[in-house]
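Welcome! Here is a short briefing to read with the sequence and the 3D view open side by side.

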Amino acid sequence: MKKIVIIGGGLAGLSAGHHLVEYDPIVFEKERAVGGLCRSFTQDGFTFDCTGHLIHLKNQYIKDLVARILPDTFNFHERLAAIYSKSTVTPYPFQANTYGLPPEVVKACVVGFVESMHAEQNGGPKNFHDWVLKTFGSGIAKHVMLPYNEKFWKQDLRGITSDWVSWSIPKPSLEEVVNGALGLTNKGMGYNPRFIYPRNGGIDCLPQALAAPIKQVHTGSLVESIDPKKKLVRLAGGREEPYDVLISTLPIPLAYHLLQDTPDEMKDNARKLQAISILNINIGVDRPQINNQHWIYFPEDQFIFSRIGFPMNFSASVAPEGTSSIYIEITHRRNDVMGIEEAFERSILDLQKCGILRSGDRILTRHVLDIQFAYVVFDEHRQKHLQTLVDYLESRDILTAGRYGRWDYFSMEDSILSGKAAADQIKGSLTSR
């Protein structure tokens with residue numbers, strides 16, 4: 001039997017292992033628990049995930065898989081999301097729900113959208129900045145789309161390509177824009193209008209269920225190098241594990257950093273792939289029902305965070321009775337060192353500024369994560385080099401899977417499917433020999 005080793009015990013790695021269970025794969029995970037960014041943490045009676053992790057299922061196979069491994073586990077939710085700008089809360093998505101904003105802002109958004117419909121396109125947009133202007137017009141671009149995304153991505157949007165946005169950012173019709181300006185709320189737009197979340201506990205029940213049938217899952221196991229010539233992975237502590245086929249869910253820059261016997265040019269191209277990091281601050285508050293939304297976006301620079309969410313609105317089980325919980329997302333460049341205390345204090349002040357917290361609210365607990373690889377940046381370097389980097393790994397019997405292994409904008413469902421695809425590829429190659 002061929003020996004299969006999987007690096008990474010997140011959704012993609014565990015999905016690969018789950019679908020290869022008859023081959024007895026070995027999974028190495030550096031953290032003390034499986035789950036990757038789908039881990040959950042319990043502290044002082046509160047349960048937090050790594051920012052917001054909600055399950056949006058469209059693929060029938062994944063729907064059936066989740067129902068089989070976690071029967072009667074989830075509650076269904078209709079999304080309640082909003083944007084806070086101009087001291088006003090408007091429903092998500094902004095581009096189709098401008099009612100309540102200052103009249104001049106509403107006018108600029110509607111007129112700009114109409115003008116964009118009649119403007120000469122002169123070919124497709126060259127970058128994300130141009131895509132926003134061509135898709136939504138100058139008003140929506142000026143008042144939310146450009147400031148939010150510049151704040152989120154921490155760079156000039158002309159340096160980001162537009163090949164990822166069509167499915168993730170909803171484009172309204174003219175009727176929807178007009179209805180939203182008149183106060184006729186447009187609901188159900190975008191890729192995530194409904195989601196499921198565990199009735200009890202955090203999102204980590206999903207990776208735990210995927211891992212359950214895999215016999216060899218080693219947590220606290222940091223891979224320090226990969227030798228593709230000898231087909232060995234070396235772990236901290238000296239252990240060496242041979243393999244016939246390796247599945248890596250590591251971020252591609254990190255995988256190439258660990259890879260021996262590899263051209264410097266390939267390592268350099270992998271190193272130049274960009275990602276945005278998130279400082280995730282989770283807090284518990286001694287007041288119930290501080291907000292009814294699931295999450296809120298903040299496009300303005302006067303607020304340190306780009307998004308906050310309220311886990312207690314996903315499930316009553318994740319916060320003690322009489323309390324509320326908040327996750328806070330502060331994006332930063334990957335090599336920037338964030339001052340946690342300063343960011344925490346600023347976050348509390350900004351939550352008070354927008355009226356979510358009151359001056360007398362007491363913070364009952366605080367949990368902080370700095371997620372180094374959070375969102376992949378789609379730039380020209382990625383567009384030019386990614387496929388070559390993936391193909392080179394595959395030529396050395398290393399398959400990649402997951403958001404960071406494939407360096408893509410993957411949802412949780414996508415990550416599970418990516419792990420399954422790697423497993424299917426291995427099964428296909430083994431049965432054809």
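A residue counts as buried at under 20% relative accessible area, as exposed at over 50%, and as partly exposed in between, using a 1.4 Å probe and protein chains only. Please keep in mind that this is a predicted model, in which local features need pLDDT of at least 70 and side-chain atom pairs count only at pLDDT 80 or more, while totals for chains, interfaces and linings use all residues. Residues are numbered from 1 along each chain as its sequence is written, and side-chain values use heavy atoms, leaving out hydrogens and water.

**A covered helix**

- Helices (H or I, at least four residues) and strands (E, at least two) are DSSP runs, numbered from the N terminus.
- Helix H1 spans residues 11–19 and is mostly covered, with nine of its nine residues buried.
- The buried residues of H1 are Leu11, Ala12, Gly13, Leu14, Ser15, Ala16, Gly17, His18 and His19.

- Strands of a sheet pair through backbone hydrogen bonds, either parallel or antiparallel.
- Here, two strands are said to pair if DSSP finds at least two bridges between them.
- Five strands form an open sheet in the order E9-E2-E1-E13-E19, and their pairing is parallel.
- At the edges are E9 (216–218) and E19 (398–400), each of which pairs on one side only.
- From one strand to the next, the twist averages 20°, with axes being lines fitted to C-alpha atoms (for helices over the stretch in contact) and angles running from 0 to 180 degrees between N-to-C directions.

**Neighbours within the sheet**

- E1 (residues 4–7) runs parallel to E2 (residues 26–28) and is joined to E2 by three bridges; Val5 has Ile26 as its bridge partner in E2.
- Four bridges link E1 with E13, also in parallel, and Ile4 is partnered by Val245 in E13.
- E13 and E19 run parallel with three bridges between them, and Ile247 stands opposite Leu399 in E19.
- In E13 (residues 245–248), Val245 and Ile247 point one way while Leu246 and Ser248 point the other, and all are buried.

**A buried arginine**

- Arg403 belongs to helix H11 (residues 402–405).
- Arg403 is buried but has no salt bridge, and Asp414, the nearest side chain of opposite charge, is 7.6 Å away.
- A salt bridge needs a side-chain nitrogen of Lys or Arg within 4 Å of a carboxyl oxygen of Asp or Glu; Lys and Arg count as positive and Asp and Glu as negative, while His and the chain ends are not counted.
- A polar atom of the Arg403 side chain lies 2.8 Å from the backbone oxygen of Ala374, and one lies 2.9 Å from the backbone oxygen of Phe410.

Terms used:
A polar contact is a pair of N or O atoms within 3.5 Å; within protein, one must be able to donate a hydrogen and the other to accept it, and residues adjacent in sequence count only if both atoms are side-chain atoms.
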